[in-house]
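I opened a new page for this structure. My notes follow in the order in which I looked things up.

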Amino acid sequence: MKNVLYILVLVLSLSCSTNNVTMTFDDEKSNAIRSHYQNYLKNDVPALQSLWSPDLKIYMNSVEASTVTDISDLITVQHEVFENISMSFNYDEGSDDLGVWVQTINYPAMNGNPAATITQTWFNWSATGKSSGNTITIPVHISFEWADGKIVREWHNFDTTAMMAEIELASQG
């Protein structure tokens with residue numbers, strides 16, 4: 001039994017060896033995303049576009065990519081349909097609002113994959129529908145891949161049901 005435990009500890013320690021992945025929270029890219037989100041809240045689409053590669057691919061709960069035009073149009077519609085849009089992150093109900101949780105991870109090239117820099121974010125998106133008066137809150141996770149100082153890919157993961165229902169209601173009225 002002692003030998004089995006020794007082998008298990010040895011295997012675990014070797015498998016946890018460093019692989020040069022680094023994670024930062026207050027770096028240039030993390031701060032650029034914080035500013036990017038402020039531009040979103042101000043509905044400043046041209047400022048948002050300045051950080052996007054012209055060839056940006058956005059995956060919104062899908063394996064099919066959307067374009068810069070698609071996301072720009074969606075942002076415009078969100079600001080037409082909703083008011084009091086906010087983004088917040090709390091560990092526990094009643095705890096301090098941290099704004100948006102942002103971290104940037106640098107992955108080295110390995111296993112045939114190129115090196116990559118990904119900024120990940122988590123927050124609750126909240127807004128009040130102008131047509132219904134209902135306030136909705138949606139937990140959101142968005143990841144951004146960087147190349148040459150621009151965002152080249154985004155992955156948006158969240159339940160769009162309540163948001164799309166409000167957009168549909170506004171289009172009827």
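Before listing any contacts, I note the rule: two residues are in contact when heavy atoms lie within 4.5 Å. I also note that the model is predicted.

Entry on two helices. I looked up where α4 meets α5. On the α4 side I found Leu-74, Val-77, Gln-78 and Val-81, and on the α5 side Met-163, Glu-166, Ile-167 and Ala-170. Sorted by class, this contact has six nonpolar residues, one polar and one charged. Two packed helices are described by the angle between their axes and the distance between the axes. For α4 (residues 68-81) and α5 (residues 161-172) I read an angle of about 70 degrees and axes 10 Å apart. Angles of 65 to 115 degrees count as roughly perpendicular, so I put α4 and α5 down as roughly perpendicular to each other.

Entry on salt bridges. How many salt bridges does the count come to? I get one. Its partners are the side chains of Glu-145 and Arg-153, at 2.7 Å from N to O. Arg-153, at 32%, is partly exposed.

Entry on Asn-19. Where is Asn-19 placed? I found Asn-19 in the loop between α1 (2-15) and β1 (22-24). Its relative accessibility is 38%, so I list Asn-19 as partly exposed. Leaving out residues up to four places away in sequence, Asn-19 touches Pro-108 and Met-110. Asn-19 and Pro-108 are 89 residues apart along the chain, and I noted 7.7 Å between their C-alpha atoms.

Conventions. Residues are numbered from 1 along each chain as its sequence is written. This is a predicted model: local features need pLDDT of at least 70, side-chain atom pairs count only at pLDDT 80 or more; totals for chains, interfaces and linings use all residues. Side-chain values use heavy atoms; hydrogens and water are left out. Helices (H or I, at least four residues) and strands (E, at least two) are DSSP runs, numbered from the N terminus. Buried means under 20% relative accessible area, exposed over 50%, partly exposed in between (1.4 Å probe, protein chains only). A salt bridge is a side-chain nitrogen of Lys or Arg within 4 Å of a carboxyl oxygen of Asp or Glu. Axes are lines fitted to C-alpha atoms, for helices over the stretch in contact, and angles run from 0 to 180 degrees between N-to-C directions. Angles under 35 degrees count as roughly parallel, over 145 as roughly antiparallel, 65 to 115 as roughly perpendicular and the rest as oblique. Ala, Val, Leu, Ile, Met, Phe, Trp, Tyr, Cys and Pro count as nonpolar, Asp, Glu, Lys and Arg as charged, and the others, Gly among them, as polar.
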